[in-house]
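Dear colleague,

Please find below the structure that I am handing over to you. I would be grateful if you would read the notes after it with the coordinates open.

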2 protein chains.
Amino acid sequence: MHENNRTEIATLGEFGLIKHLTQDIKLENPESKYGIGDDAAVLEFPEKQVLVTTDLLMEGVHFDLVYTPLKHLGYKSAMVNFSDIYAMNGTPKQITVSLAVSKRFCIEDLEDFYEGLKLACQLHHVDIVGGDTTSSVTGLAISITCIGEAPKDQVVYRNGAKDTDLICVSGDLGAAYMGLQLMEREKAVFQGEKDVQPDFAGKEYLLERILKPEARKDIIEALAKAGIKPTAMMDISDGLSSELMHICSQSGTGCRVYEERIPIDYQTAVMAEEFNMNLTTCALNGGEDYELLFTVPLTAHEAVSQIKDVKVIGHITKAELGCALVTRDGNELELKAQGWNPLKQ
Amino acid sequence: MHENNRTEIATLGEFGLIKHLTQDIKLENPESKYGIGDDAAVLEFPEKQVLVTTDLLMEGVHFDLVYTPLKHLGYKSAMVNFSDIYAMNGTPKQITVSLAVSKRFCIEDLEDFYEGLKLACQLHHVDIVGGDTTSSVTGLAISITCIGEAPKDQVVYRNGAKDTDLICVSGDLGAAYMGLQLMEREKAVFQGEKDVQPDFAGKEYLLERILKPEARKDIIEALAKAGIKPTAMMDISDGLSSELMHICSQSGTGCRVYEERIPIDYQTAVMAEEFNMNLTTCALNGGEDYELLFTVPLTAHEAVSQIKDVKVIGHITKAELGCALVTRDGNELELKAQGWNPLKQ
């Protein structure tokens, strides 16, 4: 956040601020008929299904501004919503953005936030069609709604997994969680609570994963190109274990996931060792990876195996077999949805 | 809020809570294909334009739980979003709801909120297609996104007002603002700050206006029935003066509004007198009435005059004449957008 050279928000007022932050926004998609400036945005989706997802992010719960630059926060806030649309096998087209800010924040802070937001939107060809900024008594609240589209027969739900389907994930898991641990450690150092020198060398990937996640548009495109429509799909925001159990419970199935097949980056493994944490637990329960978890029919095995950055990690079973992790030594451990649940803490 | 017999949110956890609050929600509209329970809601609007509006309401800024029952808050949160869709000459069809709640709140509180929300949705035939509940370090944050539809040539923007058009408003103005003053006074009494006995007798309408506003679906329907498509329209959330200036600035026009024609309820007038406030100022700048402000061509004068609860209060002029109030004694006072602007305070 900007400490010096700050311009107070009160100098612009509500309408002035919104205008200032959004005046250079152009609409890119033909589906966006009218953007910011009226009571509602006007969109058009002939022949398509419309996807709507929304996220409310609260300071102190979902992000910590001590180690999250506002530009990254803007980028990530947009990205996690795009991820939800891709997880339906759709294409994000528009977002609306509402911010509630306390007096701690200045105009330059919000410019940084919008810079990140716009960058994410440019990369994914998404229009910002609504922007609202209001005040908050404490902290920052960010509410983003993303609208996307998909051809009528292409939407993929969580509830379509079938016995014998293959379970696939994109990228690797647990790195965002390790990045978060790393940042928390640095924060403790910064606040003089611990006597550990922060050292980010060789851990850049972990920081990137937590601060600048990327929604997997590339995987959706690769699946389409390969002619594969997943039977079920969702994005991994709460952790693999929790998400797998959602798919199985909604599909009325069980599953087997093989510990040795869970994709984990080298830096994640090194960090887990350093923190003396169980690596598989981190990969199963660490959230915020925003990778895609999906199931495909057994017949798609060869095709899906050829997609870069996708790995088959197990298979769907009948419901009565339950959800289990098959460990390296062949034991079966029941999956538990520990996940990331601030309401239980 | 529930003080006794409270069930802590932690007993259900995030997923359990969402399920508990939304399990009896049924989808009513054919445009709602899939609601709560996946990464995104799935909607379908063949041949229609899609309207999207969103609101972020923060405790301590937009509402005060000392005098706002949570059921009313749920009702109002939905209603103000419906109002934005009607203000585009559209029909609200779906909402998504995100709540961030601190530990002060219990499950029964959120049940109350959802009860009000569902009541508003039932009255306007709107489906709840997304619901998310997360935690907050302090206070309550409510984010609602409303999706509506309108036939392609029927959307009404703010920017279509033309010289000589008539300026119309529905209902009456200033009552919500007076209701707010009344509640603030009662709060002061409650907190022992002032020695005034609260007395709501004969002021029920003012309380209703601030606690339980109604979106003017009836006016939109009456306009359609009368074959009138407004040239510009918006809802009055910040105050007549501020909204009129939006329409004029976006339409590139000026306006004249006649003080004697501004509709004001008897209770509002009595209360302004009691508070020693200027009645016209309250009606011009008091926010949260959620009435519709719109312009129609001069040729629609007779037709619009016959619509119940609509009043012609002035006319649009060329831009160079500016925006002015014509007082009872014939003087012209330039309109100023005082409005309600928490970011300037």
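Predicted model: local features only at pLDDT ≥ 70, side-chain atom pairs only at ≥ 80, totals over all residues.

Residues are numbered from 1 along each chain as its sequence is written, chains are lettered from A and ligands numbered from 1 in the order in which they are written, and side-chain values use heavy atoms, with hydrogens and water left out.

Interface. In chain B, 71 residues are in contact with 71 residues of chain A (heavy atoms within 4.5 Å). Both copies use the same surface, since 100% of the contact residues of chain B recur in chain A. About 5,500 Å² is buried between the two chains, and carbon and sulfur atoms give 56% of that area (accessible area, 1.4 Å probe, lost on putting the two parts together and summed over both). There are six salt bridges between chain B and chain A (a side-chain nitrogen of Lys or Arg within 4 Å of a carboxyl oxygen of Asp or Glu). A:Asp39 forms a salt bridge with B:Arg158, with the closest N and O atoms 3.1 Å apart. Strand β3 (residues 48-58) of chain B gives ten residues, the largest share of the side of chain B that touches chain A (strands are DSSP E runs of at least two residues, helices H or I runs of at least four, numbered from the N terminus).

Helix α5 of chain B. In this helix (residues 204-211), the buried residues are B:Leu206, B:Leu207, B:Arg209, B:Ile210 and B:Leu211 (buried: under 20% relative accessible area, 1.4 Å probe, protein chains only). They pack against α2 (70-86), α4 (175-190) and α8 (266-275) of chain B.

Aromatic pairs. Four are found over all chains (ring centres of Phe, Tyr or the six-membered ring of Trp within 6.5 Å; planes under 30 degrees apart are stacked, over 60 edge-to-face, the rest tilted). The ring centres of A:Phe113 and A:Tyr114 lie 6.4 Å apart with planes at 70 degrees, so this pair is edge-to-face. Both A:Phe113 and A:Tyr114 are buried.

Yours sincerely

Conventions: Buried < 20%, exposed > 50% of the residue type's maximum accessible area, 1.4 Å probe, protein only.
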